[in-house]
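Please read the following report alongside the sequence and the coordinates.

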2 protein chains.
Amino acid sequence: MRTSIATVCLSGTLDQKLVAARAAGFDGVEVFEPDLIASPLSPEAVRARAEELGLSLDLYQPFRDFEGVGQELLDRNLRRAAAKFALMHRLGIRTMLLCSNVATATSGDEHLAAGQLRQLGDLAERFDVRVAYEALAWGTFVDSFDAAARIVGLAAHPRVGLCLDSFHILSKGHDPAGIEDIPADRIFFVQMADAPLLSMDALSWSRHHRLFPGEGDFDLGGFMGHLVRTGYDGPVSLEIFNDTFRQADPFATAVHARRSLRWLEHETAVATRRARRGSDEGAGSTSEAAAVPDEGAGAHRVRMATTLLPAVSPPAEVTYVELRTGDLRELRHLLRQLGFRAHGAHRSKDVELWSQGAARIVLGAPEAEQDQPTVAGIGLSVQDPAAGADRARGLYAPAVPREEASGEEPLLGVRAPDGSEVFFGAVRGAEPQWVREFGRPDDGDPPSIERVDHVNLAQPWEHFDAAVLFFHAVLDLRTEPTTEVAAPVGLIRSQVLRSSDGVLRVALNLVPSGASADAILPQHVAFATSDALSLARAARGRGFEPLDIPDNHYDDLQARHELEPGLLEQLRELNVMYDRDGVGEFLHFYTHPVGTVFLEVVERRGGYAGYGAPNAPVRLASQYRHRHAVRQVGLANPVAS
Amino acid sequence: MRTSIATVCLSGTLDQKLVAARAAGFDGVEVFEPDLIASPLSPEAVRARAEELGLSLDLYQPFRDFEGVGQELLDRNLRRAAAKFALMHRLGIRTMLLCSNVATATSGDEHLAAGQLRQLGDLAERFDVRVAYEALAWGTFVDSFDAAARIVGLAAHPRVGLCLDSFHILSKGHDPAGIEDIPADRIFFVQMADAPLLSMDALSWSRHHRLFPGEGDFDLGGFMGHLVRTGYDGPVSLEIFNDTFRQADPFATAVHARRSLRWLEHETAVATRRARRGSDEGAGSTSEAAAVPDEGAGAHRVRMATTLLPAVSPPAEVTYVELRTGDLRELRHLLRQLGFRAHGAHRSKDVELWSQGAARIVLGAPEAEQDQPTVAGIGLSVQDPAAGADRARGLYAPAVPREEASGEEPLLGVRAPDGSEVFFGAVRGAEPQWVREFGRPDDGDPPSIERVDHVNLAQPWEHFDAAVLFFHAVLDLRTEPTTEVAAPVGLIRSQVLRSSDGVLRVALNLVPSGASADAILPQHVAFATSDALSLARAARGRGFEPLDIPDNHYDDLQARHELEPGLLEQLRELNVMYDRDGVGEFLHFYTHPVGTVFLEVVERRGGYAGYGAPNAPVRLASQYRHRHAVRQVGLANPVAS
């Protein structure tokens with residue numbers, strides 16, 4: 001699959017955009033006209049620069065408001081097009097994007113539009129270029145791909161074809177299956193964009209909220225399945241207007257974009273194989289051969305070569321979570337109070353292990369030279385660790401170098417966009433082999449905690465979408481609907497990703513973009529127990545002081561939920577929080593934050609599937625007070641003074 | 001007019017919110033339930049704290065999903081309400097906000113809903129509280145104020161009245177004139193919110209994009225006119241859900257909020273006077289008497305006391321703009337090249353004056369202890385400087401202390417939210433008296449520049465809306481539609497405010513929230529000339545090097561505008577940019593940035609009213625390259641290396 005990216009997706013100068021696209025491995029770029037106009041590079045210099053970098057210039061875009069107009073304006077538009085065709089000639093770009101008219105069209109007569117496109121095709125022929133006509137979702141008359149396809153069909157000019165943009169089709173709820181009716185040689189270009197499902201005007205939605213494939217709510221694998229069955233084998237490009245990506249580092253965004261297209265290629269391969277007659281799914285081949293011959297009635301010719309990623313099996317277990325923080329003593333203290341047992345230091349690395357049931361915490365000090373997140377790593381056991389690591393690396397995740405001393409279990413690690421690490425180890429009996437690389441645990445009470453329930457990673461604004469894609473694509477986790485939580489320092493967007501059986505659940509929290517350093521969100525690990533109240537009581541017996549939860553919260557809980565007699569008093573006494581959904585109940589409590597990390601214990605009763613989101617504002621306010629030691633008596637009072 | 005603010009408008013803890021509201025001078029607050037629930041203060045402690053601060057607790061909110069339900073749920077809802085009424089009793093709050101049912105309503109029968117509200121009223125009576133019913137714009141059945149008013153009328157219970165929220169009424173396009181048909185004693189509470197006109201679902205619009213009055217597109221003065229004609233004299237409160245205010249400093253936001261209500265009170269006084277029968281507009285009174293008796297047919301009783309602000313006449317002239325920057329030599333150089341003449345230093349202050357025509361630039365060094373903006377101040381001549389300063393101070397703008405030596409002209413200064421200063425001086429003949437406090441200008445060519453055309457102030461994310469309100473309310477400028485401009489570091493939102501005759505035009509640019517320090521936008525002053533090409537040529541003769549504009553821009557200009565023969569060549573040669581609108585043309589050129597300030601020269605032909613927005617991305621890219629000295633030859637190439 002040939003990959004391309006529009007320069008509008010990346011921040012910086014045109015030259016920086018080209019370099020970033022090449023560094024991320026794209027085959028080509030779409031030149032977004034404003035980027036060229038603002039560049040001091042002549043068209044010839046841009047062409048030479050792209051050649052030097054080994055990038056093709058796949059599309060010049062956009063040309064607007066051409067068709068469906070009166071004769072005088074048509075003449076002017078043809079002169080305008082001629083100037084741009086001459087420019088494309090200098091750039092060495094063969095295809096121009098023409099958006100359907102949103103402004104000056106005065107007629108919806110498709111024959112009139114087709115006739116004018118035919119004139120444009122004649123002009124394009126003189127410059128040896130061609131025109132890809134795209135229906136914008138907000139086109140005055142032409143706002144659907146089938147209308148655009150009809151007009152292109154009527155134009156019947158070899159230089160006039162279509163550009164398909166998944167956003168303009170899926171945002172209107174149009175069925176992309178109809179794409180299969182378009183002859184492949186009429187599809188000149190394809191732009192793939194994802195987006196969250198929002199209820200707003202399509203123009204604002206498109207201009208500000210597009211996402212890279214795999215980060216939103218559109219079924220882009222299905223879309224691509226229809227596309228490749230037409231026989232289309234041209235570039236698959238990204239044109240993502242997004243306020244965040246416009247501000248982020250272009251090199252990071254380009255890698256992020258390339259990962260999204262690699263994931264999309266995989267999804268396309270899956271969709272194509274699934275649809276193939278006489279399905280050969282399960283066969284060893286991981287690559288679609290180009291030009292698969294298939295001459296049956298109604299069958300299409302698939303020409304695009306798409307390669308599957310190595311399959312990743314769902315994690316069998318979260319084998320450990322690694323925490324790094326400056327104050328290990330405080331964390332050790334909390335782990336001991338929650339019933340964890342110390343295994344001591346690793347025999348060759350500067351980390352230590354704590355465990356309880358199948359929950360394991362590796363503690364380490366932060367590396368001085370690296371700005372590591374405080375939840376520094378997650379260990380997973382999977383059927384085929386090498387395949388997991390291969391898949392991650394196939395998705396451009398950097399490998400984490402790790403030295404193993406003789407006899408130590410090899411773990412294969414990759415790095416997420418925020419710098420945290422994911423390690424793959426083998427499934428092997430009751431506990432991973434590497435546990436024996438630490439000492440024997442000291443004695444303790446029988447375990448009350450069973451395993452890690454979920455991990456919560458705070459993401460700065462520029463990493464959030466990339467992190468969603470990383471966990472979705474690399475670990476094949478599915479996204480749950482996002483929620484918004486009010487914290488004292490702003491709204492926090494939260495996105496949960498989970499494996500199908502719930503073994504691995506990762507919650508990504510988007511730190512408000514304007515938040516100051518004061519507003520850094522602590523990250524945390526939640527442990528699963530079957531009896532949160534007993535555990536909280538036992539911990540208290542060991543001196544544990546949970547995060548303080550205000551009385552007002554319990555009064556409200558009672559008003560909302562009418563709890564069974566006695567429960568409220570226990571919750572209040574132990575600072576345990578409570579939630580209920582349609583199927584079950586959730587009891588959970590928190591440690592206070594240790595630097596920027598904290599721990600949670602959760603009990604899920606009767607299939608409760610959430611994370612206590614209604615309680616999150618209360619928890620965040622308590623953490624905020626703890627962090628800032630804001631107390632009424634100590635607060636400066638500018639009125640009284 | 002009694003003023004109140006919902007705690008949800010402010011960031012921080014409940015206690016911080018109360019202190020901030022009081023510090024800004026609010027009479028009372030609405031207690032937003034989640035703020036109470038997350039607070040460690042008991043209801044009694046909150047009540048005591050408010051009393052200590054001298055704040056009334058005006059409303060407890062919100063109570064949801066009560067009415068239009070089956071019997072079993074109604075019983076549960078009544079128990080839930082009893083718990084909240086008991087809590088309100090502890091808080092000493094008399095009024096509860098009840099939102100129309102958005103979730104559990106199964107019937108739109110208004111008689112059923114009214115009967116259930118009557119039961120709620122009976123319950124409220126037992127706790128000596130009352131219920132203000134509000135139609136949410138997205139209520140399942142009740143989504144308009146007139147439906148809510150009908151139900152309240154049917155309920156016919158002294159403890160059941162209405163809450164009117166301007167957002168829920170105006171966002172749906174409902175006519176607020178109907179408010180005048182509601183008996184005043186049925187209106188228990190009023191919330192005033194502004195908002196930009198957006199095309200999106202009302203829920204998201206309301207939750208994220210509300211603005212303080214005077215900052216958006218709603219006619220809130222007209223709304224208030226209808227309200228006061230009912231005889232309503234209760235609190236006028238702000239309930240502003242806004243992602244930015246949730247993150248900003250609560251003390252700054254509270255002052256900003258209070259300013260918006262003071263402006264709204266003024267607009268209300270204007271609307272009320274305008275509508276009064278036998279208009280006595282123009283009379284000396286600036287205050288509406290409370291309880292104006294008016295028993296004429298159909299007339300209403302106005303009981304709310306509203307005070308006008310001192311009137312501000314439109315500025316007669318922008319008398320100067322003050323720039324502060326570390327490198328004065330470079331700025332002097334540029335001013336000289338543009339034809340300005342030096343007047344030398346002020347006789348008692350450490351600033352110097354440059355002038356050309358009626359354009360005057362005061363240059364100074366930044367004050368070390370203050371993080372001053374680089375466009376540090378604007379001087380205006382007005383008919384009554386004292387009234388201008390009084391109006392500003394009446395709108396809570398801090399006065400700028402300024403020492404005048406004997407015989408120097410007094411200037412009255414106030415500070416804008418971003419720290420920049422606005423000074424008012426008297427209108428006096430050809431030039432302000434203070435010009436003589438500097439030396440005589442040196443000789444030079446006849447002036448080509450006539451005056452200051454506009455001033456551009458970059459605003460950090462947390463000041464933008466406050467700055468819009470400041471210039472709108474203090475200087476009575478009107479807002480033009482906002483535009484968005486793509487810069488290499490993100491999208492920049494731009495808001496122009498101008499006096500009716502265009503003498504004062506201020507463009508506020510919102511710096512992208514995620515932008516790093518690298519992305520600081522330079523601020524600038526634009527000077528008006530009647531012949532930009534000649535001036536550019538003359539400046540070049542004096543060694544001026546304008547900001548470099550790429551050739552590609554000129555090629556595009558020609559393709560779009562088909563310029564008259566010869567013009568394109570001159571524009572290109574002189575790096576002058578060009579735009580055209582429906583009525584006229586715009587020629588303009590820029591200096592390169594000096595630190596974070598630059599200068600522009602503009603020529604408006606034939607009534608062109610814009611600011612060359614289509615050219616802004618090109619200018620921003622040139623400045624970005626200049627700032628970062630990004631040049632192709634020097635750019636690290638991670639591919640080649």
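## Basis of the model

This is a predicted model, in which local features need pLDDT of at least 70 and side-chain atom pairs count only at pLDDT 80 or more, whereas totals for chains, interfaces and linings use all residues. Residues are numbered from 1 along each chain as its sequence is written, chains are lettered from A and ligands numbered from 1 in the order in which they are written, and side-chain values use heavy atoms, with hydrogens and water left out.

The size of an interface is often given as the accessible area lost when the parts come together. Here chain A and chain B bury about 5100 Å² between them, 57% of it on carbon and sulfur atoms, where buried area is the accessible area (1.4 Å probe) that two parts lose on being put together, summed over both. With contact taken as heavy atoms within 4.5 Å, chain A contributes 65 residues and chain B contributes 64 residues.

Between the two chains there are 22 residue pairs in polar contact, both residues being at pLDDT 80 or more; a polar contact is a pair of N or O atoms within 3.5 Å, of which, within protein, one must be able to donate a hydrogen and the other to accept it, while residues adjacent in sequence count only if both atoms are side-chain atoms. The elements of chain A that each supply at least two residues of the side touching chain B include α1 (14-23), α4 (71-91), β20 (490-498) and α17 (616-628), with helices (H or I, at least four residues) and strands (E, at least two) being DSSP runs numbered from the N terminus. That side of chain A divides into 30 nonpolar, 16 polar and 19 charged residues, where Ala, Val, Leu, Ile, Met, Phe, Trp, Tyr, Cys and Pro count as nonpolar, Asp, Glu, Lys and Arg as charged, and the others, Gly among them, as polar.

## Salt bridges

Between chain A and chain B the count is 6 salt bridges, and the side chains of A:Glu562 and B:Arg79 meet in a salt bridge at 2.8 Å, N to O.

Within chain A, the side chains of A:Arg229 and A:Glu180 form a salt bridge at 3.1 Å, N to O. This pair links distant parts of the chain, 49 residues apart, with A:Arg229 in helix α9 (residues 220-229) and A:Glu180 in the loop between α7 (166-170) and β7 (187-191).

## The second largest cavity

The second largest cavity is lined by 16 residues, of which A:Arg64, A:Leu136, A:His168, A:Glu239 and A:Phe241 lie nearest its centre; on a 1 Å grid over the protein atoms alone, a cavity is a set of points where a 1.4 Å probe fits but cannot get out, and lining residues have an atom within 4 Å of a point. Elements giving two or more residues to this lining are β3 (56-63), β4 (95-99) and α8 (202-208) of chain A, and the lining divides into 7 nonpolar, 3 polar and 6 charged residues.

## Backbone geometry and a loop residue

Most residues other than glycine have a negative phi, and most peptide bonds are trans. The peptide bond from A:Gln61 to A:Pro62 is cis, with omega near -10 degrees, and A:Pro62 lies in strand β3 of chain A. A:Ala156, although not a glycine, has a positive phi of about 45 degrees.

In chain B, B:Glu480 lies in the loop between β18 (478-479) and β19 (483-487).

Methods:
1 Å grid on protein atoms, 1.4 Å probe; cavity = no way out; pocket = protein on both sides within 12 Å on 5 of 7 lines; lining within 4 Å. Salt bridge = Lys/Arg side-chain N within 4 Å of Asp/Glu carboxyl O.
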